[in-house]
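Visitor: I'd like a close look at a single part of this protein. Could you pick one residue, walk me through its setting, and then show me what lies elsewhere in the fold?

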Amino acid sequence: MADPWLTLIGLNEDGLSGLSAAAKDALDQAELVFGGPRHLQLAAIDARGRPWPQPFDVAPVLAARGRPVVVLASGDPFWYGVGGSLAAHLSPEEWRCHAQPSTFSLVAARLGWRLEACDCLGLHASPIAQLLPRLAPGRQLITLLRDGAAVVQLADWLSHEGWGQSPLWVMEAVGGPRERCRMLRADAAAAALQADPAQAPVTVALIAQGGAALPAVPGRPDDWYAHDGQITKAPARALTLATLAPRRGERLWDIGGGSGSVAVEWCLAGGLATSIEQHATRVANIRSNAERFGLQARMQVVHGLAPEALQDLPAPQAVFVGGGFDAALFAALRAHMPPGCRLVVNAVTLETQALLVQLHGELGGQLLQLELSSAAALGRMRSWKAARPLVQWSWQV
């Protein structure tokens with residue numbers, strides 16, 4: 001079998017000295033070598049070097065198909081590296097990879113941590129808020145960051161979220177002659193790092209301390225969300241998510257999103273969501289809530305009114321309607337919902353409830369009436385304060 005034209009080489013801060021003989025041979029024989037400026041410098045690449053374009057694009061590598069090409073990446077090219085991006089365009093016989101220990105592995109080895117017990121994230125271009133659902137007292141996390149400024153942002157964010165007591169290990173140029181490690185507390189890190197900034201490449205390991213973990217199941221407190229009162233309240237939201245039954249990778253249409261709390265909790269369960277909302281202020285709340293939990297990449301927010309706004313959206317595996325449901329919308333949804341798609345509708349008005357009773361009689365599914373009361377002050381005493389009865393119809397295509 002002929003040698004592949006493309007070789008992916010993992011390169012750490014020790015440069016060429018850390019490469020295997022096979023990786024060095026591939027590098028010597030390459031006509032072109034792609035990589036970030038730091039990697040090209042570490043490997044002492046001559047005029048064959050090709051820095052990645054900005055914004056990042058693998059097209060220049062693919063344009064060199066058939067020529068001997070090397071791509072340099074940090075450590076393991078298939079862990080938060082360029083490997084997956086390239087392999088998506090290639091057949092398996094077109095490339096080989098010489099990986100090295102990832103930065104996560106090097107950091108865990110320095111600290112004596114079990115790597116399998118750590119959450120490992122690449123946050124070069126991703127929201128720091130992605131960490132929120134992962135934080136719990138004593139939890140170990142290792143994060144790759146863009147630069148020293150990002151370390152300050154991480155420390156400030158942790159303090160803002162109540163995790164300021166967390167110890168951080170700020171590690172620069174791990175595995176190379178410039179390696180440096182400082183242990184700082186999150187709520188004191190900003191001052192120290194402004195006086196002596198961290199230099200890229202930088203990784204932060206932390207042990208979460210001082211805060212309260214986000215509950216792991218749906219029905220999280222209402223005050224976690226920005227809203228104007230139009231929010232599916234926590235107990236009803238928990239019942240709604242249980243009926244929607246989110247599964248990893250599935251997409252939800254959240255029609256009349258309000259605060260987007262149902263879509264947020266669907267995404268926290270591993271799904272993707274499209275939240276459709278007609279009011280601009282609520283669209284802003286939905287976006288704010290997606291950012292609060294670092295879910296911008298998983299939640300699509302559409303400013304518009306269903307059914308018109310449903311055109312050209314990615315097909316759903318589940319649909320939730322929390323308000324504004326009527327026969328015309330149901331007819332439009334039936335045209336969009338693929339076989340197996342699940343529909344859950346919550347209604348508090350008599351008119352919509354009557355429609356749900358009718359649809360249940362015609363199509364089956366499950367019909368529930370939820371009556372919830374909570375204790376509230378009544379003078380010097382307390383009494384039950386009832387919420388509006390909620391009728392929920394769920395049905396599968």
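Guide: Happy to! Let's start with Leu-8, which has a relative accessibility of 1% and therefore counts as buried, the cut-off for that being under 20%. Please keep in mind that this is a predicted model. Leu-8 sits in strand S1, which covers residues 6-11. If we set aside the neighbours within four places in sequence, Leu-8 is in contact with Val-71, Pro-77, Phe-78, Val-82, Gly-83, Leu-86, Trp-95, Arg-96, Cys-97 and His-98. For a sense of distance, take Ala-21, which is 13 residues from Leu-8 along the chain: the C-alpha atoms of the two are separated by 14 Å.

Now let's step back to the protein that holds this residue. Of its 397 residues, 47% are buried. In all, the protein has 12 helices and 19 strands.

One of those helices, H7 (residues 186-195), also has buried residues: Ala-186, Ala-189, Ala-190 and Leu-193. Looking down the axis of H7, you would find these buried residues within an arc of 100°, so they line one face of the helix. Ala-191 and Ala-195, on the other side of H7, are exposed. The cover over the buried residues of H7 includes helix H6 (148-160), along with strands S8 (167-172) and S9 (180-185).

Seven strands form an open sheet with mixed pairing, in the order S13-S12-S11-S14-S15-S19-S16. Strands S13 (299-303) and S16 (366-370) are at its edges; each has a single partner strand, so one side of each is left without a neighbour in the sheet. From one strand to the next, the twist averages 15°.

Helix H10 (residues 280-292) touches strand S12 (272-277) and S13, and its direction makes about 170° with that of S13. Helix H12 (residues 350-363) touches strand S15 (342-347), S16 and S19, with its direction at about 30° to that of S19.

Terms used. Residues are numbered from 1 along each chain as its sequence is written. This is a predicted model: local features need pLDDT of at least 70, side-chain atom pairs count only at pLDDT 80 or more; totals for chains, interfaces and linings use all residues. Side-chain values use heavy atoms; hydrogens and water are left out. Two strands pair if DSSP finds at least two bridges between them. Helices (H or I, at least four residues) and strands (E, at least two) are DSSP runs, numbered from the N terminus. Axes are lines fitted to C-alpha atoms, for helices over the stretch in contact, and angles run from 0 to 180 degrees between N-to-C directions. Contact means heavy atoms within 4.5 Å. Buried means under 20% relative accessible area, exposed over 50%, partly exposed in between (1.4 Å probe, protein chains only). The arc is that of the directions from the helix axis to the C-beta atoms.
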